[in-house]
Amino acid sequence: MKKKGLRILEQSLMMKLTKKVFIIICLFCASVSFSQECEGELWFNDSNPWSSQEVIETDIINKVDLSPLFTDKRTDFLGYIGENKRRLFVDLSFVKKVDGHKYLIAGKTKVGANNREFRGYLEIENTYQFKEFINGVDDFMKGKILNQGIAVANCLFVEDFSYSSTGIFEGQFVVRWYLTLDNELKYDDITSFSDSYFNNQFYGDWTSYKTGKSSVVAWGHYRIPCSGDLDWGASEFSPNPKYYQYGWEDYEP
């Protein structure tokens, strides 16, 4: 009976995953203004100040386990929630592939004194490969890359409704990857020396079980998408003093 109940829960969560396909043209490549404001899907849109990179679709999602990309610990996630951009800590502790497109995921968040666990699903909508590889400074990776690109995933994470201040996260991940000549999947940090480098970007909403109201949520490695005036940094993320009172006063890079 437990297995049957789990299958029903899994099917229910999967049905709630947002079914959207994005044609990504402007992604993860060079200089980005981190003071951009975003609205819904527009953070994927070329109307935002992303550097243009020509891409083509690839079927890599059926051949490679992408789960290590989402739990990479090169740096802690930087995140915020709500209009006041209150500091959000995120830890993705578990990601497991269940079929070609779908991944089981678990983790926890912290906002102020509230620590909450979540679990749910991540579904890869599309993977794209760059027509021209980005080889880093002095082309140090030239001839060492078999494939390189991005993966776009829809996500649904649910918190335990028996606790206060809990709800549902729903949004999109974009993560950058590359394959070595040995067909080994790597988290793409080739341009991590750059001031504008970032990866593992999430943008979406958190909806309260109690009130039904939604708040904007975003997090990422090194930078946060759609951060508005929160990020004042040039060479690295630096919070605007305006938001110190919302958990950013003790931030250290």
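Guide: Thr109 belongs to strand E5, which covers residues 102-111, and everything said about this residue and its surroundings comes from a predicted model. The relative accessibility of Thr109 is 7%, and because residues under 20% are classed as buried, Thr109 counts as buried. Leaving aside residues up to four places away in sequence, Thr109 touches Leu88, Phe89 and Val90, then Asn114, Asn115, Arg116 and Phe118, and finally Glu159 and Phe169.

Several of these neighbours lead on to other parts of the structure. Phe89, one of the residues touched by Thr109, has Lys110 lying over the face of its ring, at 5.8 Å from the ring centre. A further arrangement of this kind involves Lys85, whose charged end sits over the ring of Tyr80, 5.6 Å from the centre of that ring.

Two other contacts of Thr109, Phe118 and Glu159, are bridge partners, with Phe118 in question on one side and Glu159 in E7 on the other. The strands E6 and E7 run antiparallel and are joined by 11 bridges. Strand E7, which spans residues 145-159, has 14 of its 15 residues buried, so it is largely enclosed by the rest of the structure. E7 also pairs with E8, again in the antiparallel sense, over 13 bridges, and within that pairing Ile145 has Thr180 in E8 as its bridge partner.

Phe77 and Trp219 are both buried.

Phe118 and Phe169, both touched by Thr109, have ring centres 6.0 Å apart and planes at 55 degrees, so their pair is tilted. Here too distant parts of the chain are linked, with Phe118 in strand E6 (residues 114-130) and Phe169 in strand E8 (residues 167-180), 51 residues apart. Phe118 and Phe169 are each buried. These two phenylalanines, together with Phe77 and Trp219, are members of one aromatic cluster that also includes Phe70, Phe157, Phe173 and Phe202.

Some of those names return in the largest nonpolar core, which has 34 residues and in which Leu66, Phe70, Leu122, Phe173 and Trp219 touch the most other members. Strand E8 gives the most to this core, with 5 residues. Another core, of 11 residues, lies apart from it and includes Leu78, Tyr80, Tyr203 and Phe237.

Stepping back to the whole chain, there are 2 helices and 11 strands, and the order from the N terminus is α-β-α-β-β-β-β-β-β-β-β-β-β. Of the 253 residues, 49% count as buried. Among contacts with a separation of 6 or more, 61% are between residues 24 or more positions apart. The protein chain exposes about 13,000 Å², of which carbon and sulfur atoms supply 49%.

Technical notes: Residues numbered from 1 in each chain as written. Predicted model: local features only at pLDDT ≥ 70, side-chain atom pairs only at ≥ 80, totals over all residues. Heavy atoms only, no water. Helix = DSSP H or I, 4+ residues; strand = E, 2+ residues; numbered from the N terminus. Buried < 20%, exposed > 50% of the residue type's maximum accessible area, 1.4 Å probe, protein only. Contact = heavy atoms within 4.5 Å. Phe/Tyr/Trp six-rings, centres within 6.5 Å; stacked < 30°, edge-to-face > 60°. Lys NZ or Arg CZ within 6 Å of the ring centre and 35° of its normal. Core = buried A, V, L, I, M, F, W, Y, C linked by side-chain atoms within 4.5 Å. Pairing = 2+ DSSP bridges. Areas by Shrake-Rupley, 256 points an atom, 1.4 Å probe, with all protein chains shown as cover.
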